[in-house]
Amino acid sequence: MIEWLISVYERCRDLAAKANDAKDRLLVGEDDAAKTINGYMKQDYDALIRLWKEVDPEMKNTGRLSDMARHVRFGMNNDYEDIVVHDIPSVLNAAEALARDGSKNAGAMGFEGLLHPAIVASSLSQYRNGHLRDAVLNGVITVFDMIRARTNLNLDGKDLVGQAFGMEKGKLVFSEIGTETGRNDQKGFLLIYEGIYTGVRNVKAHSLNHDLNEQKAAQYLVTLSLLARRVEECNDRP
């Protein structure tokens, strides 16, 4: 749950920064620039909704998410002010409540509750049956299949990662790469995907020997679940 909560905070942080930026643009008469920023905010909001449904599928405890949607849609000065001052604090309070409730059940669900559905489908049965190498290898393959599906690139490994997430011309972005934080996010995760392919996929694929035990394999699958979720949530480059 802590990773989910951190992701919610990141989305809300990005929305707050864009709301302040759009409001400043409107104040100096740069309406077109504000409209462009608003388009990015809609993408961030949609990503936040997808993230929220992972924990609260019926959207029962959302704070002011619906108010935020209305304010993003109208995109006036007072709307951006409400997003920062009222909507985001309310949404974060609701997210913290959901995280607390989820943490109460974490012990019962075990590590399996942390797995992305795609990793569950590809790897969980192998893990349960003791085929740890196959479970981890299938998880890596699944993540890279997800990247290919999002980008329509018929590539693999470092070439796929570079064209999918490259800083200048990559097809997908994790956050707003016009900011230093966004660029760090993009570059950092690009390196993680490259490292997973080289250090995990290549090593496990080229030899039947491995150093996995149940704990280490579970940790790999949770890490791969995070990477699968980042692929699922990232945006197409404008």
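Predicted model: local features only at pLDDT ≥ 70, side-chain atom pairs only at ≥ 80, totals over all residues.
A search of the whole structure finds 6 aromatic pairs. One of them joins phenylalanine 165 and phenylalanine 174. The two rings are stacked, with 4.8 Å from centre to centre and 25° between the planes. Both residues are buried. Phenylalanine 174 also forms a stacked pair with tyrosine 193. Here the centres are 6.1 Å apart, and the angle between the planes is 0°. This second pair links distant parts of the chain, 19 residues apart. Phenylalanine 174 belongs to the loop between strand E1 (172-173) and helix H9 (180-205), whereas tyrosine 193 lies in helix H9. Phenylalanine 174 has a relative accessible area of 2%, so it counts as buried. Tyrosine 193 is buried as well, because its relative accessible area is 0%. Ring pairs join Phe165, Phe174, Phe189 and Tyr193 into a cluster.

Charged side chains also meet aromatic rings. The charged end of arginine 230 sits over the ring of phenylalanine 189, at 4.4 Å from its centre. Phenylalanine 189 is a member of the ring cluster. Elsewhere, arginine 73 lies over the face of phenylalanine 74, and the distance to the ring centre is 5.1 Å.

Lysine 158 is found in helix H8 (residues 157-165). With a relative accessible area of 60%, lysine 158 is exposed. Tyrosine 193, by contrast, is buried.

Side chains of opposite charge can pair when their charged atoms come close. The whole structure holds 18 salt bridges. One of them connects glutamate 54 and arginine 229, whose closest N and O atoms are 4.0 Å apart. Glutamate 54 lies in helix H2 and arginine 229 in helix H10 (residues 214-233), so this bridge ties together parts that are 175 residues apart in sequence. Glutamate 54 is partly exposed, at 38% relative accessibility. Arginine 229 is buried, at 8%.

Another salt bridge runs between glutamate 112 and arginine 128. The closest N and O atoms are 2.8 Å apart. Glutamate 112 sits in the loop between helix H5 (106-109) and helix H6 (117-128), and arginine 128 sits in helix H6. The pair therefore ties together parts that are 16 residues apart in sequence. Glutamate 112 is partly exposed, with a relative accessible area of 29%. Arginine 128 is exposed, with a value of 56%.

Arginine 148 and aspartate 156 form a further salt bridge, with 3.2 Å between the closest N and O atoms. Aspartate 156 has a relative accessible area of 34% and is partly exposed. Salt bridges also link Arg11, Lys18 and Asp44 in a network.

The elements that give two or more residues are helix H1 (2-27), helix H2 (31-55) and H9. H1 gives the most, with 5 residues. By class, the lining has 3 nonpolar, 4 polar and 5 charged residues.

Conventions:
Residues numbered from 1 in each chain as written. Heavy atoms only, no water. Phe/Tyr/Trp six-rings, centres within 6.5 Å; stacked < 30°, edge-to-face > 60°. Buried < 20%, exposed > 50% of the residue type's maximum accessible area, 1.4 Å probe, protein only. Helix = DSSP H or I, 4+ residues; strand = E, 2+ residues; numbered from the N terminus. Lys NZ or Arg CZ within 6 Å of the ring centre and 35° of its normal. Nonpolar A, V, L, I, M, F, W, Y, C, P; charged D, E, K, R; others polar. Salt bridge = Lys/Arg side-chain N within 4 Å of Asp/Glu carboxyl O.
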